[in-house]
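Take a moment with the sequence and the 3D view below. Then read on for a guided walk through the fold.

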Amino acid sequence: MAVGGDSRPKGEGSVLAERLNHLFAHMHPPGAPYTNAHVADEISRGVAEYGGVKVTEQYLSMLRNGRRTNPGPELLRALAKFFAVPVGYLLGDLSQPQAARVEEEVRFLAAMRDQRVRAIALRSVGLPPEVQDSLTTIISQFRRQMNLPDGPPEQGGDRRGARPDTDR
């Protein structure tokens with residue numbers, strides 16, 4: 001089991017827990033989010049790929065609920081590699097723009113799990129920029145008609161009832 005202490009103040013551990021939970025919820029193949037058991041098994045079995053780190057589902061659960069806040073650097077590297085994010089994202093060491101860019105990539109990858117979204121995106125490849133802009137305008141109009149926000153949906157909740165800002 002990857003063991004770490006609790007030497008960090010409580011507030012610092014919440015960044016790791018929050019970001020791990022965000023990754024578990026949004027960085028997964030189509031179907032259902034990863035479980036602690038699945039991630040622990042993948043990391044623990046991938047000896048060469050994850051640096052020989054061993055971790056249990058219980059320890060991942062403690063990291064995700066904030067009961068453990070200081071995992072070893074090997075486990076952090078393994079988790080970052082599993083979820084394809086920089087280690088600094090898990091530690092909260094990235095600048096706000098860097099962290100926002102990682103979260104935007106996570107939202108993009110989550111959206112691309114939807115086959116219809118992928119099909120729309122792929123069909124627009126190669127079209128002239130002005131045609132792509134027209135498609136974006138058409139999609140925005142449909143979103144407004146359906147009372148959806150103009151931008152991509154925020155992760156972590158269904159905002160169908162949200163009213164878009166119509167003063168733009």
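This is a predicted model: local features need pLDDT of at least 70, side-chain atom pairs count only at pLDDT 80 or more; totals for chains, interfaces and linings use all residues.

Residues are numbered from 1 along each chain as its sequence is written, and side-chain values use heavy atoms, with hydrogens and water left out.

Start with the build. The protein has eight helices and zero strands. Helices (H or I, at least four residues) and strands (E, at least two) are DSSP runs, numbered from the N terminus. Along the sequence the pattern reads α-α-α-α-α-α-α-α. Of the 168 residues, 32% count as buried. Buried means under 20% relative accessible area, exposed over 50%, and partly exposed in between (1.4 Å probe, protein chains only). The accessible surface comes to about 10500 Å², and 53% of it belongs to carbon and sulfur atoms. That area comes from the Shrake-Rupley method with a 1.4 Å probe; for residues, only the protein chains shown count as cover.

Now look inside. In soluble globular proteins, nonpolar side chains tend to be buried together. Here the largest nonpolar core has 27 residues. Such a core is a set of buried Ala, Val, Leu, Ile, Met, Phe, Trp, Tyr and Cys residues joined through side-chain atoms within 4.5 Å. Helices α1 (10–26), α2 (36–45), α3, α4 (73–83), α5 (87–91) and α6 (96–111) each supply at least two residues of this core. The largest share, seven residues, comes from α4. Ile43, Leu79, Phe83 and Leu90 have the most contacts inside the core. Leu79 touches Leu20, Val39, Ile43, Leu60, Leu63 and Leu90, leaving aside residues up to four places away in sequence. A contact means heavy atoms within 4.5 Å.

In α2, the buried residues are Asn36, Val39, Ala40, Ile43 and Ser44. Seen down the axis, they fall within an arc of 120°, so they line one face of the helix. The arc is that of the directions from the helix axis to the C-beta atoms. In α3 (residues 57–64), Tyr59, Leu60, Met62 and Leu63 are buried. They cover an arc of only 160°, which puts them on the same side of α3.

Next come the rings. The whole structure holds five aromatic pairs. Rings of Phe, Tyr and Trp (its six-membered ring) pair if their centres lie within 6.5 Å; planes under 30 degrees apart count as stacked, over 60 as edge-to-face and the rest as tilted. Tyr50 and Phe82 form a tilted pair, 6.4 Å centre to centre with 45° between the planes. Tyr50 lies in the loop between α2 and α3 and Phe82 in helix α4, so the pair ties together parts that are 32 residues apart in sequence. Both Tyr50 and Phe82 are buried. Ring pairs link Phe24, Tyr34, Tyr50, Phe82 and Phe83 into a cluster.

Finish with the backbone. Most residues other than glycine have a negative phi. Ala84 has a positive phi of about 60° although it is not a glycine. Ala84 sits in the loop between α4 and α5. Its relative accessible area is 61%, so Ala84 is exposed. Asn147 also has a positive phi, near 60°. Asn147 is found in the segment after α8 (129–145). Just after α3, Gly66 takes a positive phi of about 85°.
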